[in-house]
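Here is a short briefing on the structure shown below.

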Amino acid sequence: MLRNGSHTNPTLSVLEGLAKFFDDHREAGTLPITAQWLVAQEDPEDELLRQRLASRQVRMIAMRAGAMTPAMREQLLKMIEILDHGSDDPPAPDTR
């Protein structure tokens, strides 16, 4: 009934059953799936906090990089390139 749209407001027990099914079939090492997770709405405040944390982390990295030698900064940039491309992709050639 949920699939075809004839029942759009499932009961808590239905949500718990769905959560249990998906939790039983999730990949090892991933977060558990709960009924609360299924109905959770994205909180705009969470996104704002994530943006602030990212901004703070970028500033911290920049401040520390400013104290590094040019050679150390070059190594840091190479590490960032590797992380940015993932382990499957080869790093971009150095064009400097």
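**Salt bridges**

Glu47 is partly exposed, with 34% relative accessible area. Its partner in a salt bridge is Arg50, with the closest N and O atoms 3.3 Å apart. The model is a predicted one. The protein chain has four helices and zero strands.

- The structure holds three salt bridges.
- Arg50 and Glu47 both sit in helix H3, residues 44–66. They are three residues apart, about one turn of the helix.
- Arg50 is partly exposed, at 43% relative accessible area.
- Asp24 and Lys20 also form a salt bridge, at 2.8 Å from N to O.
- Why are Asp24 and Lys20 separated by about one helical turn? Because they are four residues apart in helix H1, residues 12–24.
- An α-helix has 3.6 residues a turn, so residues three or four places apart point the same way.
- Asp24 has a relative accessibility of 49% and counts as partly exposed, because the exposed class starts over 50%.
- Asp23 and Arg26 meet in a salt bridge of 2.6 Å, N to O.
- Asp23 is partly exposed at 23% relative accessible area, because buried means under 20%.
- Arg26 counts as partly exposed, with 31% relative accessibility.

**Aromatic pair**

- The structure holds one aromatic pair. Phe21 and Phe22 form this pair.
- A pair of aromatic rings is described by the distance of the centres and the angle of the planes.
- For Phe21 and Phe22, the centres are 5.1 Å apart and the planes are at 80°. The pair is edge-to-face, because the angle is over 60 degrees.
- Is Phe21 buried, partly exposed or exposed? Phe21 is partly exposed, with 44% relative accessible area.
- Phe22 counts as partly exposed too, at 43% relative accessibility.

**Nonpolar surface patch**

- Eight named residues make a nonpolar patch on the surface: Leu2, Val14, Leu18, Phe21, Phe22, Trp37, Leu38 and Val39.
- Together they have about 710 Å² of accessible area.
- Which helix gives the largest share of the nonpolar patch? H1 does, with four residues.
- H1 and helix H2 (35–39) each supply at least two residues of the patch.
- Leu18, one of the patch residues, lies in helix H1.
- Leu18 counts as partly exposed at 31% relative accessibility.

**Helix H4 and its end**

- Helix H4 covers residues 70–85, which is 16 residues.
- At 1.5 Å a residue, H4 should span 22 Å.
- Just after H4, Gly86 takes a positive phi of about 80°.

**Whole chain**

- Along the sequence, the protein chain follows the pattern α-α-α-α.
- How many of the 96 residues count as buried? The share is 5%.
- Among contacts with a separation of 6 or more, 3% come from residues 24 or more positions apart.
- The protein chain exposes about 8,800 Å². Carbon and sulfur atoms supply 60% of that area.

Technical notes: Residues are numbered from 1 along each chain as its sequence is written. This is a predicted model: local features need pLDDT of at least 70, side-chain atom pairs count only at pLDDT 80 or more; totals for chains, interfaces and linings use all residues. Side-chain values use heavy atoms; hydrogens and water are left out. The expected span of a helix is 1.5 Å times one less than its number of residues. Rings of Phe, Tyr and Trp (its six-membered ring) pair if their centres lie within 6.5 Å; planes under 30 degrees apart count as stacked, over 60 as edge-to-face and the rest as tilted. Buried means under 20% relative accessible area, exposed over 50%, partly exposed in between (1.4 Å probe, protein chains only). A salt bridge is a side-chain nitrogen of Lys or Arg within 4 Å of a carboxyl oxygen of Asp or Glu. Contact means heavy atoms within 4.5 Å. Accessible areas come from the Shrake-Rupley method with a 1.4 Å probe; for residues, only the protein chains shown count as cover. Patches are made of residues with over 30% relative accessible area and no salt bridge: like charges are joined within 9 Å, nonpolar side chains (Val, Leu, Ile, Met, Phe, Trp, Tyr) within 5 Å.
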